[in-house]
Amino acid sequence: MYEILKKNGDSLEKINSYQVDSWVRVVSPNEQEISFLTEKFNLPRDFFSDLLDIDEIARFEPDDNSFLMVIRIPVCDDINGESNYYTIPIGVIVVFGQCIITVSYKDNDIINSFINIKKRVMDLENRFVSILQIINRTVNLYITYLKHIRQRSIILEKEFEKNQRNESLIKLYSIEKTLINYRTSLRTNLTMVSKMQRSKFFGLTDDEKELLEDVIVDLNQAVDMAERYSDIMNELMNFFSSIINNNLNRVMKLLTAITIIIAVPTLVASIYGMNVDLPFRDSPHAFMFVMIISFLATILVAVIFFLRKWL
C-alpha cells in the first residue's frame with residue numbers, strides 16, 4: 001500500500017497524484033507497487049528488497065538521482081496484554097528535486113506521528129531536515145520505550161523477590177534481550193548518522209549542521225541509556241542467579257543433614273538386627289533399649305548439626 005501526501009499549512013493531506021515536494025508513504029508494498037515506484041522514480045529495486053531483511057543495519061546508500069537511508073526504529077506490540085518491544089528497519093528514499101519516499105514493511109508510530117500530530121509535520125521542501133526529523137522522532141521513541149522497559153523491569157524485580165517464580169525470571173530475560181537489541185540498533189543508527197556528518201555528499205548549511213549535531217547528541221544519550229539499563233539488567237540477572245544457586249545449596253544442605261540424622265537410628269536398628277550376641281539380647285526390654293539408644297543418638301547428632309549451623 002502507498003499513499004501520496006502534500007503539506008498544507010500545519011498538516012498533511014492526501015492527494016491523488018504525485019507532485020513535487022510530496023511525501024510517498026509506502027507500507028508493506030507488493031511486487032506490483034514496487035515495480036511501479038522503481039520505474040516511476042528510476043530507483044534501484046534493492047532499495048525496497050533490502051528492507052525485507054529484519055536484521056538490515058542502519059546505513060545510507062547514494063545513487064545517481066537518489067539515495068537510501070535505512071534506520072532501525074523501535075516498535076511495541078501488545079501480545080496477550082504484554083508489551084513486546086523490538087526493532088525493525090525502515091527506509092527513507094530521497095529522490096533529488098522530486099520527493100521523499102518512506103518504506104516500511106510494518107505500520108509504525110514513527111511515520112504515523114507525522115500524519116496524526118498537527119504542527120509537527122515533515123518539512124517536505126527541505127528533505128535533509130525531513131530526514132533529521134525522522135531520526136529525532138526515532139530517538140525520542142527509543143528513550144520513551146527505554147523508560148517503559150526500565151519501569152517494567154523494576155516491577156518484575158519486586159515480583160521475583162517475593163515469589164521467585166520462573167515466569168518473572170523469563171520476563172526479565174526477555175527484557176534483557178530487548179535491551180541488547182536496542183543497544184545494537186542505536187549504535188548502528190549512531191554510526192550511520194556520524195558518517196552522514198563526515199560526508200560531503202549532502203552539502204549541509206550551518207543550520208543543518210547544527211540540527212545534525214543536536215540529533216547526534218540525542219542519539220548518544222539514547223545509546224548511553226540503553227547501555228546503562230542493559231548493564232543493570234545483566235547484573236540483576238547475575239544477582240538472581242546467585243540467589244537461586246544459594247537457595248538450592250541451602251536445600252541440598254538441609255536434605256543432606258536430614259539424611260544423616262535419619263541414618264543414625266537406621267544404623268542402630270541394623271546392628272541389633274544381626275544374628276550375633278548383642279547386649280540386652282535376652283532382656284524383655286531390649287526393644288525399648290534399642291529405641292532409647294536410637295532416639296538419644298539422633299538427638300545428639302541433630303544438636304551437633306544445629307550448633308554448627310548445618311541445619
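The largest cavity is lined by Arg-25, Val-26, Val-27, Ile-90, Thr-102, Val-103, Ser-104, Asp-107, Ile-111 and Asn-112. The model is predicted: local features need pLDDT of at least 70 and side-chain atom pairs count only at pLDDT 80 or more, while totals for chains, interfaces and linings use all residues. Residues are numbered from 1 along each chain as its sequence is written, and side-chain values use heavy atoms, without hydrogens and water.

**Terms**
- A cavity is a set of points, on a 1 Å grid over the protein atoms alone, where a 1.4 Å probe fits but cannot get out; lining residues have an atom within 4 Å of a point.
- Grid points are joined across faces, edges and corners, and a volume is the space filled by probe spheres set on the points.

**Largest cavity**
- Two cavities of 30 Å³ or more are counted, and the largest holds about 40 Å³.
- Strand S3 (22-27), strand S7 (99-104) and helix H3 (109-116) each give two or more residues to its lining (helices are DSSP runs of H or I with at least four residues, strands runs of E with at least two, numbered from the N terminus).
- Its lining comprises five nonpolar, three polar and two charged residues (nonpolar: Ala, Val, Leu, Ile, Met, Phe, Trp, Tyr, Cys and Pro; charged: Asp, Glu, Lys and Arg; polar: the others, Gly among them).

**Second largest cavity**
- The second largest cavity holds about 30 Å³ and is lined by Ile-149, Arg-150, Ser-153, Ile-175, Leu-179, Tyr-229 and Met-233.
- At least two lining residues come from each of helix H4 (127-163), helix H5 (166-198) and helix H6 (206-272), and H4 gives the most, with three.
- Five of these lining residues are nonpolar, one is polar and one is charged.

Terms used
1 Å grid on protein atoms, 1.4 Å probe; cavity = no way out; pocket = protein on both sides within 12 Å on 5 of 7 lines; lining within 4 Å.
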